[in-house]
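Reader: Got a model up here. Can you walk me through it?

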Amino acid sequence: MYAHVTHILKIGRSNFKPPPQVDSSVVRLVTKNPRPGIKFEEWDAMLRVCFGRKNRTLRAGWLGGRKVLEWVEGCWRGWCALNDIPVDEGEGMDVEQPSGQGNRREVNEDEWDGIMDVDDVGDDNYPSPQEEVDDDNDDELPDLFKQAREISMMNGTSGKRKKKGKVFELVREKVRKVLEDDTGLADRRARTLDQNDFLRLLLAFNKEGIHFG
């Protein structure tokens, strides 16, 4: 984001002893002047989510699990607090949070599972079972959320019942709107996007009042 990158030449693995398993490249970095008016912490936080599961679509990465949406909800609440915007909590529902890794709670059919159903949108617009994110899988969970979970466990809040309702649904709809309606990047994978795509994504989140970091 802060430099122009130019590929100079490729260096084959045979030029090294012992040879590595991959080829190398020489690139030129020229810093941008002036620097873009974007907070690095916000840019970095968004990219951590996008590349946390680089082989999944952005829809699966952002909408496939609760950890990401809970974090986004916290970001949005923080922005509302800084701008004196009241948050209408509405009616919520108690949802048991797993206190240990791999624990899952059985949910009744009439009980909300934390994912909003949209009647006028087909099933193709949401993560398939193969793309669904497992929040308890430490190997795939981005470090950003591992750290948040560790802090929660240290504070003794992990395992407590947490209110989920109108605000969670509102934030989830904001994220869906950004990915599907505003940018059209929902079905793309992070590794196929360029810098302009990510800038569009960050701008769209900011317009919805979602600021990361």
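Reader: In what order do the elements of the protein chain run from the N terminus on?
Author: They run β-β-α-α-α-β-α-β-α-α. Helices (H or I, at least four residues) and strands (E, at least two) are DSSP runs, numbered from the N terminus. This is a predicted model: local features need pLDDT of at least 70, side-chain atom pairs count only at pLDDT 80 or more, and totals for chains, interfaces and linings use all residues. Residues are numbered from 1 along each chain as its sequence is written, and side-chain values use heavy atoms, with hydrogens and water left out.

Reader: Which residues of helix 6 are buried?
Author: Asp197, Phe198, Leu201, Leu202, Ala204 and Phe205. Buried means under 20% relative accessible area, exposed over 50%, partly exposed in between (1.4 Å probe, protein chains only).

Reader: Where do they sit around the axis?
Author: On the same side of helix 6, because they cover an arc of only 160°. The arc is that of the directions from the helix axis to the C-beta atoms. Asn196 and Lys207 are exposed on the other side.

Reader: What covers the buried residues?
Author: The cover includes helix 1 (40-52), helix 2 (58-63) and helix 5 (166-182). Contact means heavy atoms within 4.5 Å.

Reader: And what takes a positive phi just after helix 6?
Author: Gly209, at about 80°.

Reader: Switching to the whole chain. What share of the residues is buried?
Author: Buried residues make up 35% of the 213 residues. For contacts between residues at least 6 apart in sequence, 73% join residues at least 24 apart.
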